[in-house]
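Look at the structure first, then read the points below.

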Amino acid sequence: MQIPSVTRDERGVTFVELLVYVVGFSLIATSLMAFFIWKQTVERQFPTADEMEFELFQYELAPLLRWIERPVPYGNGSECRKDGRSYGVRLVNGTVRLQKDGSGYVPLVTNVDSIQWEVVSSTDLHCTVYRSNGKREEASFVYAIAPK
């Protein structure tokens, strides 16, 4: 009686091969878990592009509102005069834009459905921006009336 020989193609997985597969799978799983933990931390610490854009909008408007004539809010815009020049901030095709002396547009905030301006007191101007994604953002600006 002869024992049939086993060729390499017919045998099962060895313990060493199984160990290599388990270690490889563990490394990949650990790397993915570390990536998702890192991603959550980064998302909590850093603002989205929309939030950064709105912060820059506030930063750019603040100096314009120093020593102006009284701001005039209307519908989706607001106008003021400063140093003999007129400045208008209005919504045009989903983008809040700054216009100087009636010419040229500088985009400030994008993806906007509507923007509302309100003079709250003799020194406060309030702005509410409604984004296309349903988000609502608000900002208050302090303005100073230029002496005559």
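The sulfur of Cys127 lies 13 Å from the closest cysteine sulfur, that of Cys80, so the two are too far apart for a bond. This is a predicted model, in which local features need pLDDT of at least 70 and side-chain atom pairs count only at pLDDT 80 or more, while totals for chains, interfaces and linings use all residues. Residues are numbered from 1 along each chain as its sequence is written, and side-chain values use heavy atoms, with hydrogens and water left out.

**Cysteines**
- A disulfide is a pair of cysteine sulfur atoms within 2.5 Å.
- By this rule the model has zero disulfides.
- Cys80 is in no disulfide; its nearest cysteine sulfur belongs to Cys127.
- Buried means under 20% relative accessible area, exposed over 50%, and partly exposed in between (1.4 Å probe, protein chains only).
- Cys80 counts as buried because its relative accessibility is 10%.
- Cys127 counts as buried too, at 0% relative accessibility.

**Strand pairing**
- Strands are DSSP runs (E, at least two residues), numbered from the N terminus.
- Two strands pair if DSSP finds at least two bridges between them.
- Strand β3 (residues 85-92) pairs with β4 (residues 95-100) in the antiparallel sense, over six bridges.
- Val89 stands opposite Leu98 in β4.
- β4 also pairs with β5 (residues 103-109) in the antiparallel sense, over four bridges.
- Arg97 stands opposite Pro107 in β5.

**Hairpins**
- Two residues separate β3 and β4 in their hairpin, where Asn93 takes a positive phi near 50°.
- The hairpin of β4 and β5 has two residues between the strands, and Asp101 takes a positive phi near 55°.
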